[in-house]
Amino acid sequence: MRLSQYFLPILKETPKEAEIVSHRLMLRAGMIRQQAAGSYTWLPLGKRVLDKVCRVIREEQDRAGAVEILMPTIQSADLWRESGRYDDYGKEMLRIEDRHGRDMLFGPTNEEMVTDIARSYIRSYKELPLNLYHIQWKFRDEVRPRFGVMRSREFLMKDAYSFDIDYESSKAAYDRMFVAYLRTFARLGLQAIPMRADTGPIGGKLSHEFIILASTGESEVFCHRDYLEMPVPGEGVDFKDAPALAQTVEQWTTPYAATEEMHDEAAWNALPETERLAARGIEVGHIFHFGTKYSEPMGATVAGPDGKETPLFMGSYGIGPSRLIAAIIEASHDENGIVWPMGVAPFDIGLVNMKPGDADCDAVCERLYGELQAAGHDVLYDDQDTRAGAKFATMDLIGLPVQLIVGPRGAKAGEAEIKLRASGERETVAIDKVLDRLK
Ligand code: ATP
Ligand code: MG
Ligand code: MG
Ligand code: MG
């Protein structure tokens, strides 16, 4: 992408309304724009990051055996009356009336809708296990939308729903998602800690929140230091091996970890002081096992091996991709801007032409731009006629992992400079060697 043809509305001033660093940087880097309280447009740079985060989430959901669908944002209130949640949900639910006077709502979550899908199609235990997920916009009329996309009213959620014939198999489904979540957050460059959690309006008994430690987090959390070192299952993890997955989950849930609501002072105080980690955290994911809470009232039953109709055992599994982006920035930035981990950077390489109009610079940049793209790199080429200082500041602000800098002297000598955003390391490389060097 040529910057001259792109839309990257960088802000020079630090926006006053932004209280935390991720919000400030997302606004300054031209990733998002607020449209109303808690609702944001994703500008091109932000949209690219959102797509990359969703791609990682999708790959790990698919690997764990979940199947993607797409349910609507607007739901019928009748479904929610069947589960009893229409009245319980309260003011966070945005209620809408259509022209026929029918009660509708903008979905804050999809348990009812997906249970309706299951009861319409699944007849027998032989069709199980099944896990359906979608990545769709949600609306929750938060009392205090704040911190940009960290707590917005309209936000993106990946929500998955598992269906099984009994407790044992639904616990295995829970374990698959648990492990998929560990992998997802690790791939996004984040250290997420699963903590026993309150189930809130979703319901059920078994539940974990995945928390990123950050000083700007809204929850107070307490956990064992061991979590900082625990190995995350690799790409080869076998999602069919239920006992092995259960063991991984066991290992990840044994050391103490709890949010404020579930905190147990006695258990905490029993830990040696040096092993305790009390911090603030951001909830980036939340998984629930709630058994027959929805299937029973909504009549989602299937025939078991004995031919008897039994209600489906269910769980639901949420991740907030939009909040995750803010969490990644909270965890990875410096005084000059964002430092993207490789897998989610909007572009891998920022190519800086220090002197557009200089014949050598232009020729070298055009060549590198073409070759790098042909080699499969996502390149943002700053071909604009602006000051070199401003170009460097923009590149640092938007945080692409690699900067490739071409100036008139280097271009004449057949050289370019590679700067790594994370470490600041610089290296001069012959133009012919750039491709090899960036492999
Ligand atoms: P919170 O405690 O922050 O209000 P929640 O517990 O209400 O979140 P869940 O119902 O567990 O949220 O939803 C699953 C995921 O959706 C959360 O873990 C989070 O990543 C994301 N999410 C929830 N609310 C918001 C929001 N207002 N803005 C952005 N992401 C959100
Ligand atoms: Mg909430
Ligand atoms: Mg919560
Ligand atoms: Mg939650």
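Colleague: Which residue in β16 is the bridge partner of Tyr161?

Modeller: Ser316 is the bridge partner of Tyr161. Before we go on: this is a predicted model, where local features need pLDDT of at least 70, side-chain atom pairs count only at pLDDT 80 or more, and totals for chains, interfaces and linings use all residues. Residues are numbered from 1 along each chain as its sequence is written, while chains are lettered from A and ligands numbered from 1 in the order in which they are written.

Colleague: How do β8 and β16 pair, and over how many bridges?

Modeller: The pairing of β8 with β16 is antiparallel, over seven bridges. Two strands count as paired if DSSP finds at least two bridges between them. Helices (H or I, at least four residues) and strands (E, at least two) are DSSP runs, numbered from the N terminus.

Colleague: And how many bridges join β13 to β16?

Modeller: Six, and those two strands run antiparallel. His289 has Gly315 in β16 as its bridge partner.

Colleague: How many residues of β16 are buried?

Modeller: Seven of the seven, so β16 is largely enclosed by the rest of the structure. Buried is 20 or more other C-beta atoms within 10 Å of the residue's own, exposed is 12 or fewer, and partly exposed is in between, with C-beta atoms placed from the backbone. Phe313, Gly315, Tyr317 and Ile319 point one way from β16. Met314, Ser316 and Gly318 point the other way.

Colleague: Switching to the ligand. How many residues surround ligand 1?

Modeller: There are 16, and the closest are Phe155, His286, Gly318, Gly320 and Arg323. A residue is near a molecule or strand if its C-beta atom, placed from the backbone, lies within 6 Å of it.

Colleague: Which elements each supply at least two residues of that shell around ligand 1?

Modeller: β8 (154-164), β13 (276-291), β16 (313-319) and α10 (321-331). The largest share, four residues, comes from β13.

Colleague: How many of the shell residues around ligand 1 are nonpolar, polar and charged?

Modeller: Four are nonpolar, seven polar and five charged. Ala, Val, Leu, Ile, Met, Phe, Trp, Tyr, Cys and Pro count as nonpolar, Asp, Glu, Lys and Arg as charged, and the others, Gly among them, as polar.

Colleague: Now α10. How many of its residues are buried?

Modeller: Ten of the eleven, so α10 is largely enclosed by the rest of the structure. Arg323 is one of the buried residues, and Glu330 is another.

Colleague: At what angle do the axes of α1 and α10 cross?

Modeller: The axes of α1 (residues 21-28) and α10 cross at roughly 105 degrees and come within 8 Å. That makes α1 roughly perpendicular to α10. Axes are lines fitted to C-alpha atoms, for helices over the stretch in contact, and angles run from 0 to 180 degrees between N-to-C directions. Under 35 degrees is roughly parallel, over 145 roughly antiparallel, 65 to 115 roughly perpendicular and the rest oblique.

Colleague: Which residues of α1 and α10 meet?

Modeller: Val21, Ser22, His23, Leu25 and Met26 in α1 meet Ala326, Ile329 and Glu330 in α10. Contact means C-beta atoms, placed from the backbone, within 7 Å. By class, that contact has five nonpolar, two polar and one charged residues.

Colleague: What about α2 and α10, where do their axes stand?

Modeller: The axes of α2 (residues 44-63) and α10 come within 10 Å and cross at roughly 110 degrees. So α2 is roughly perpendicular to α10. From α2, Val49, Leu50, Val53, Cys54 and Ile57 meet Pro321, Ser322, Leu324 and Ile325 in α10. This contact has eight nonpolar residues, one polar and no charged.

Colleague: Back to strands. Which residue in β13 is the bridge partner of Phe210?

Modeller: Gly285. β10 and β13 pair in the antiparallel sense over eight bridges. β10 (residues 206-213) has seven of its eight residues buried, so it is largely enclosed by the rest of the structure.

Colleague: Last one. Is Trp340 buried or exposed?

Modeller: Trp340 is buried, with 25 other C-beta atoms within 10 Å. Trp340 lies in the loop between β18 (337-338) and β19 (349-353). Leaving aside neighbours within four places in sequence, Trp340 is in contact with Ala345, Gly399, Leu400 and Pro401.

Methods:
Two residues are in contact if their C-beta atoms, placed from the backbone, lie within 7 Å.
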